[in-house]
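Please look through the structure shown here.

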Amino acid sequence: EGQNIRLRGEGTRLADGGDAGDLYLEIVFAPHPVYRPEGRDLHLDLPVSPWEAALGQKIVLPTPDGKVDLKIPKNAHSGQKLRLKGKGLPGKPPGDIYATLLIVNPKVTTTQEQELFEAMARDISFNPRAGMGG
């Protein structure tokens, strides 16, 4: 993005019949529904489930080159960045993909789901606000 391309002789022809001028193009990326480009690097917010983040699982991530298996590290946290070297926009050198993890909780819609969350609240010693002095 931001690159300028000159096409010699492809511009407007002069009214007096002279040679055509040059055409200058500036490259602008249309917004992408997943990626945000920064130079050759691509950034995205990657939604993961709480169990994918806690257990460290493989997920399939689409890239401009095709799908890749991405290993989410065990005990990953929301906001953590993962880098896929060389999977960004092509060039010399190629860009990278930076995926920022966003942990997304499921909606609790059944009695069984409610019981699972209640069991976690009871059995897992975890206070996300422990460092806030409260």
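Predicted model: local features only at pLDDT ≥ 70, side-chain atom pairs only at ≥ 80, totals over all residues.

Lys58 has Lys71, in β6, as its bridge partner. Strand β5 covers residues 58–63 and strand β6 covers residues 66–71. The two strands pair in the antiparallel sense, over six bridges. Two residues lie between β5 and β6, and together the strands form a hairpin.

Thr63 is also part of strand β5. Is Thr63 buried or exposed? Its relative accessibility is 11%, and because buried means under 20%, Thr63 counts as buried. Leaving aside residues up to four places away in sequence, Thr63 touches Tyr35, Val68 and Ile97. A polar atom of the Thr63 side chain also lies 2.4 Å from the backbone oxygen of Gly66. In a regular strand, side chains alternate between the two faces of the sheet.

The next topic is empty space. Such space shows up when a probe the size of a water molecule is rolled over the atoms. The largest pocket has a volume of about 640 Å³. Its lining is made up of 17 residues, and those nearest the centre are Pro50, Ala54, Met120, Ile124 and Phe126. Two elements give two or more residues to this lining: α1 (50–55) and α2 (111–123). Which of them gives the largest share? That is α2, with five residues. By type, the lining of the largest pocket has 13 nonpolar residues, three polar ones and one charged one.

Technical notes
Residues numbered from 1 in each chain as written. Heavy atoms only, no water. Pairing = 2+ DSSP bridges. Helix = DSSP H or I, 4+ residues; strand = E, 2+ residues; numbered from the N terminus. 1 Å grid on protein atoms, 1.4 Å probe; cavity = no way out; pocket = protein on both sides within 12 Å on 5 of 7 lines; lining within 4 Å. Points joined across faces, edges and corners; volume = space filled by probe spheres on them. Nonpolar A, V, L, I, M, F, W, Y, C, P; charged D, E, K, R; others polar. Buried < 20%, exposed > 50% of the residue type's maximum accessible area, 1.4 Å probe, protein only. Polar contact = N/O pair within 3.5 Å; in protein donor to acceptor, adjacent residues only side chain to side chain. Contact = heavy atoms within 4.5 Å.
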